[in-house]
Amino acid sequence: AQLRPHIVWFEEPVPLIETAAQIIRKADVFLVIGTSLNVYPAAGLVDYAPWPIPKFLIDRNPPSVSALYNLTVIPKPATAGITDFAQALHSLV
């Protein structure tokens, strides 16, 4: 049988989105990798992150998201951006 990657394709419902929102409400840090933040409902999950926590977006071509408080945009591919994220996270501790 064909194996399906553990991702959500366009126009598919997001499994357990309510559970994800509950988890995000308790987050200390929020990280998004490789997204336009234009495909809902998944893109709306960032709205559940507590206002003051650090938020990070890693994307080679990041979208304009100036409305998010405490957001650090890392305009790199995921493989390189995750290193910058780890350094930023380390400086928060």
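**Entry 1: the strand 1 and strand 2 pair**

I started at Val 32 and found that it stands opposite Leu 57 in strand 2. A reminder to myself before going on: this is a predicted model. Which way do strand 1 and strand 2 run, and how many bridges join them? I noted four bridges, and the two strands run parallel. My background note here is that strands of a sheet pair through backbone hydrogen bonds, either parallel or antiparallel.

I read an open sheet of three strands in the order 1-2-3, with parallel pairing. Which strands sit at the edges? I wrote down strand 1 and strand 3, as each pairs on one side only. From one strand to the next, the twist averages 15°.

**Entry 2: the helix across the sheet**

I then looked up helix 2, which covers residues 78-92. Helix 2 lies across strand 1, strand 2 and strand 3. I noted its direction too: helix 2 runs at about 165° to strand 2.

**Entry 3: a nonpolar patch**

Which residues make the nonpolar surface patch? I listed Leu 31, Ile 33 and Ile 82, and the patch comes to about 210 Å². I followed up on Ile 33, which is found in strand 1, residues 30-33.

Where is the cis peptide bond? I found it joining Tyr 40 and Pro 41, with omega at about 15°. Pro 41 lies in the loop between strand 1 and strand 2, the latter being residues 55-58.

Then I checked phi. Leu 16 has a positive value near 60°. I placed Leu 16 in the segment before helix 1, which is residues 17-25. Leu 16 has a relative accessible area of 61%, so it counts as exposed, the cut-off being over 50%.

Asn 70 also has a positive phi, near 65°. Asn 70 lies in the loop between strand 2 and strand 3, with strand 3 at residues 71-74. I logged Asn 70 as partly exposed, at 34% relative accessibility.

How values were computed. Residues numbered from 1 in each chain as written. Predicted model: local features only at pLDDT ≥ 70, side-chain atom pairs only at ≥ 80, totals over all residues. Heavy atoms only, no water. Patch = residues over 30% accessible without salt bridge, like charges linked within 9 Å, V, L, I, M, F, W, Y side chains within 5 Å. Areas by Shrake-Rupley, 256 points an atom, 1.4 Å probe, with all protein chains shown as cover. Salt bridge = Lys/Arg side-chain N within 4 Å of Asp/Glu carboxyl O. Buried < 20%, exposed > 50% of the residue type's maximum accessible area, 1.4 Å probe, protein only. Pairing = 2+ DSSP bridges. Axes fitted to C-alpha atoms, helices over the stretch in contact; angles between N-to-C directions. Contact = heavy atoms within 4.5 Å.
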